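Please go through this chain with me by question and answer.

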Amino acid sequence: MVFDVLHCSFLRGDQYAIALALLAGGKVVLGVLACPNLPLASLKDAGQHSPNNEVGCLFFAEVGGGTYMQPLDGSSAVKVQVSAVENPEEASFFESYEAAHSMHDLSSLIAQKLGVKAPPVRIDSQAKYGALSRGDGAIYLRFPHKGYREKIWDHAAGCIVVTEAGGVVTDAAGQPLDFSKGKHLDVDTGIIVTNQKLMPLLLNAVKESLKEKAPSS
């Protein structure tokens, strides 16, 4: 079982998530994300801060059972699905708020190659996974700086929440995330998340962008 809460954004009063995931045989079989500051309405409509203070979402998913969102006030849960956008020009994407957490210049190049017109939505924590699972955006890009090793508790719950909502979570080479090797994820360069229709286009844009960004020998 893995547990995570992001402290920096909590202290800022921004988005944060309390994440819980259950692993069995190295596979994530259950995930729960509590996002106390996430608006109940889509970020596309409400922005990151709800004007009516209607915030607080709980996302939960289990293998084969789909993903559900429930307001933290205890109201009924509803099943959610990732965005069905197929045209990357109509897609929007999430990335980390802090440039120290992800390379914004690389994300920008990838978005440019895809033809994405909307500006990035920058929020911290696994709240991004929850928002993407309900279709607030279509793409999540995370490319940490060289030397950083991803921790399983930063992605386990979010991964199953998105995949059970119909999305795809891979590393930059298109390989599924492997949660069976201890506390670290051995990923190729970064993590990308989107729907099944956009993933081939996204992988191609990532490959081309990484090639352009690679230092000359």
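Predicted model: local features only at pLDDT ≥ 70, side-chain atom pairs only at ≥ 80, totals over all residues.

User: Does Asp 154 count as buried or exposed, and at what relative accessibility?
Analyst: The cut-off for buried is under 20% relative accessible area. Asp 154 therefore counts as buried, with a relative accessibility of 18%.

User: How many of the residues of helix 5 are buried?
Analyst: The buried residues of helix 5 are Ala 156, Ala 157, Gly 158, Cys 159, Ile 160, Val 161 and Val 162. Helix 5 is largely enclosed by the rest of the structure, because its buried residues number 7 of the 8.

User: Within what arc do the buried residues of helix 6 fall?
Analyst: Helix 6 (residues 199-213) reaches 21 Å from its first C-alpha to its last, close to the 21 Å expected. Its buried residues are Met 199, Leu 202, Ala 205, Val 206 and Ser 209. Viewed down the axis of helix 6, they line one face, so the arc they fall within is 125 degrees.

User: Which residues are exposed on the other side of helix 6, and which elements do its buried residues pack against?
Analyst: The other side of helix 6 has Pro 200, Lys 207, Lys 211 and Glu 212 exposed. The buried residues of helix 6 pack against helix 3 (104-114), strand 9 (139-142), strand 11 (167-171) and strand 13 (191-195).

Note on methods. Residues numbered from 1 in each chain as written. Heavy atoms only, no water. Buried < 20%, exposed > 50% of the residue type's maximum accessible area, 1.4 Å probe, protein only. Helix = DSSP H or I, 4+ residues; strand = E, 2+ residues; numbered from the N terminus. Expected span 1.5 Å × (residues − 1). Arc of directions from axis to C-beta. Contact = heavy atoms within 4.5 Å.
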